[in-house]
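User: I am new to this protein and would like to understand the words used for it. Could you take me through them?

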Amino acid sequence: MNAAEIPLILPVRELLRRSTLFRHLDEEELGALEQVLEWFVLPGGSTLFEAGEPSDALYVLRSGSLGAFRQRSDTGIEQRIGLIAAGESVGELGLIVNQPRSATVRALRDSELLRLSRDAFDALVRRQPTAMLEAARVAVERLLLRRSGDLMSSPRTLALLPHDAGVDACAFAQALEQALSRYGSCQVLDASRSAEQTSTWFAAQEAASRFVIYLASAQHDDWRELCVRQADALILLADAQTPPSPWPERACLGAQQAQYRPRHLVLHHRGGAILRGRGAAWLSAAPGARLHHWCVSDDIERIARLMAGRSLGLVLSGGGARGFAHIGVIRALREAGIRIDAVGGTSIGAIIAAGVAAGWSDEEMTERYRRAFVAGRPLSDYTFPFVAMTSGRRVSELLRDAFGERHIEDLALPYFAVSANLTSGDAVTHRTGPLWYWLRASSAIPGVLPPVFHEGQVLVDGAVINNLPTDVMREQSVGDVIGVDIGADDVLHAGVDEHASPHSWRLLLDRLGQPCRPGLVSILLRAGMVNSKAANADRRAKASLLLAPPVTGVGLLDWNAYERAIELGYQYALREIGGQKDALADDTPLL
């Protein structure tokens, strides 16, 4: 079937006019292009092409959505690296550079495509060289986006799947529609209005709106199935007080399916406060989903920002006592009205980030961390150094006092902590489980604190491998990332030059007088951070805004510099945020 015989949803000529690749062509050339385009339907879950295959055509997506996938080199696991929405093209890069496909592309749902073969593309280029330049520009833009970490397009169609009739899905859908409307036109389609409509009608609704929310009914099975088929992303809505059980759509909600379409589990806490333990319990019924808590209206605003690609992730680095500067930076961000939607970090950064995720105020953070790190003297339990210089019991006690038995799934904001696995040599990202326990692992400075031994693995301070995990935050498909790096380079200095090991009496004089050599604990802490320095430049580049407070005057173990470090971070962030605030809080509609 050629393009002229397509049952029209959006006229092909109009689709081509809107396409980045072809919109510059005149009417005569657009007409010639229509005649050589091949129309076909790709069922949801089907593969358009595999990575490594010859690049023999490019495609324009007429309706539906496609996902681009690539295997991670470190794990071998296939990961979704991009989403292609209706009206966009895919496959042009391979044609231009005459290279095999760089990624696998599959239909996330039933999709209609227009295929332009290599021969037809080459003929177009000969007639219209500008087409080649335009295609090259689009390809380069996509390549730059991949390198910067902006891998994912935001979904356009959302299936809202209530677990049962007891959860108020209509109220959530209306609030989400209102929140999404700040970023583009949005409409809700429910069974009463839409159940008997044709695929052409649904495609027209999607073409007319930036976002479409398909509101499923707990009683209408056929409509629920259609909602799932039409969706780029699934929102699983449940009442936190209800006993967890699987959703009816088990076939599309398995853990293996999560990589193809994003799935978001939203738990409604009717009392306005998060019920402890419910997040972990419900995640077992929706493995692989991203968890969100709905307690107040601001939570729906946060979910909408994520869906629209306008959310903000905050990443905090490790760096010992210098990490207190994070508290000042967070205070400045809040005063500037910058909303933090997700947070994560390494070592002391993970500990401070946990306070943000828990919803602590500036005053509460300042007092809790003062009690833990200044009054608590976390590294005071020295022991025989068979494994480390301290027993680690003091740090564990202080973390438990600060965070209790709360699990990561109980935090108000999406959160992660990073540790280093010495057994496998990999960084480990913790998104579930006891918060204090994984903070203990993330901050286990080699030689200073004992490792955490978990299921035969040896876990230590995440700074050994990844001290500024902006890459981890980017994988969560947030819009912007603020990275705060307090792991300064000029950490250790020696006031003497020696070509041999110093005598013990000289070291003793150092301890009693003015030290001219760094201490053992400082050396161990710094040594644990050096290995991640080489990769730090790339991770810094993944930040939309990088903040590096000038804390070189604060020692890595100078707990008594608490107030000074906070003030340094606060004053620095106030100066730096000014020119970036509008960009980070941009609510400009997408269409």
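Analyst: Two strands are said to pair if DSSP finds at least two bridges between them. Strands themselves are DSSP runs of E with at least two residues, helices are runs of H or I with at least four residues, and both are numbered from the N terminus. This is a predicted model, in which local features need pLDDT of at least 70, side-chain atom pairs count only at pLDDT 80 or more, and totals for chains, interfaces and linings use all residues. Residues are numbered from 1 along each chain as its sequence is written, and side-chain values use heavy atoms, with hydrogens and water left out.

User: What makes strand 21 and strand 22 a pair?

Analyst: Pairing asks for at least two bridges, and strand 21 and strand 22 (residues 545-547) have three, in the parallel sense. They therefore count as a pair. In one of the bridges, V484 has L547 of strand 22 as its partner. Strand 21 also pairs in the parallel sense with strand 15 (residues 312-316), over five bridges, and there L314 stands opposite I482.

User: Why is strand 21 called mostly covered?

Analyst: A residue is buried under 20% relative accessible area, exposed over 50%, and partly exposed in between, using a 1.4 Å probe and protein chains only. Four of the five residues in strand 21 (residues 480-484) are buried, hence the wording. In the protein, 53% of the 591 residues are buried.

User: Which strands stand at the edges of the six-stranded sheet, and why?

Analyst: That open sheet has the order 10-11-9-12-13-14, with parallel pairing. Strand 10 (186-189) and strand 14 (290-294) are the edges: each has a single partner strand, so one side of each is left without a neighbour in the sheet. From one strand to the next, the twist averages 20 degrees. Within this sheet, strand 12 (residues 233-239) and strand 13 (residues 263-268) pair in the parallel sense over six bridges, with L234 opposite R263.

Notes. Axes are lines fitted to C-alpha atoms, for helices over the stretch in contact, and angles run from 0 to 180 degrees between N-to-C directions.
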